[in-house]
Amino acid sequence: MSDLCAHYILSVLFVFLCIMKRFVVLFLLLPFWSFSQSYNVSEVKNSIKIGALAGNRKIEFGVKNIIEEIIQDRNYSISPKANNQLYIELIYMDVLRNQSNMSIFHKDNNEIVIRIKGYVVKDGIKSKEQVAEGSASEVSTSTLIISNEGKFNQQNLSSAIKKTCESLMTKLL
């Protein structure tokens, strides 16, 4: 009789632990299911009027990918059916150049400046537009005068875009 009672208690305890394990898993995952916000980058528009990147569609795709990466890094999800729609506009991009020469020595300071505007539409309500400005600089020195005449350095351009997108997402999210 005592073996039967012990077996019954162990089976009840096993069933109880299985049920409790499911509740623990459910409670651990519940915040991710119910409170997770999802976003969709609806549009990235290139409104740059002057320069090498005016009207360039490739930069729009690059900015969209960077913004989606930032959203995911902040533990939000990306969904085309999201209630939160992001609208991004590239409004300014240029190279500011400073040069100094002394005899055969030459120093160039190129700074890429970017301005990006964006807003979020949450459940049909448009948020306040935010503008972020970022820059990346490159200093080169040489003993010969060789100039790029204001061309974009791809690494600096990528760095400036990433910084500016981070700043804009901090303001919007």
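# Buried residues and salt bridges in a predicted chain

Modeller: A search of the whole structure finds seven salt bridges. This is a predicted model, in which local features need pLDDT of at least 70 and side-chain atom pairs count only at pLDDT 80 or more, while totals for chains, interfaces and linings use all residues. Residues are numbered from 1 along each chain as its sequence is written, and side-chain values use heavy atoms, with hydrogens and water left out.

Colleague: Why is Glu-166 called partly exposed?

Modeller: Buried means under 20% relative accessible area and exposed over 50%, with partly exposed in between (1.4 Å probe, protein chains only). Glu-166 has a relative accessible area of 30%, and therefore counts as partly exposed; Arg-74, at 28%, is also partly exposed.

Colleague: What makes Glu-133 and Arg-115 a salt bridge?

Modeller: Their closest N and O atoms are 2.7 Å apart, which means that the pair meets the salt-bridge cut-off. Glu-133 lies in strand S6 (residues 130-142) and Arg-115 in strand S4 (residues 105-122), 18 residues apart.

Colleague: Why is Thr-164 called buried?

Modeller: Thr-164 has a relative accessible area of 0%, so it is buried. Thr-164 lies in helix H3 (residues 154-172), a helix being a DSSP run of H or I with at least four residues, and a strand a run of E with at least two, numbered from the N terminus. Not counting residues up to four places away in sequence, Thr-164 touches Ile-114, Ile-116, Ala-132, Glu-133 and Gly-134, where contact means heavy atoms within 4.5 Å.

Colleague: How do you know that Ser-47 is buried or exposed?

Modeller: The relative accessible area of Ser-47 is 11%, and therefore Ser-47 counts as buried. Ser-47 lies in the loop between strand S1 (38-46) and helix H2 (57-73). Leaving aside neighbours within four places in sequence, Ser-47 is in contact with Glu-89, Leu-90 and Ile-91.

Colleague: How much of the chain counts as buried?

Modeller: Of the 173 residues of the protein chain, 28% count as buried.

Note on methods:
A salt bridge is a side-chain nitrogen of Lys or Arg within 4 Å of a carboxyl oxygen of Asp or Glu.
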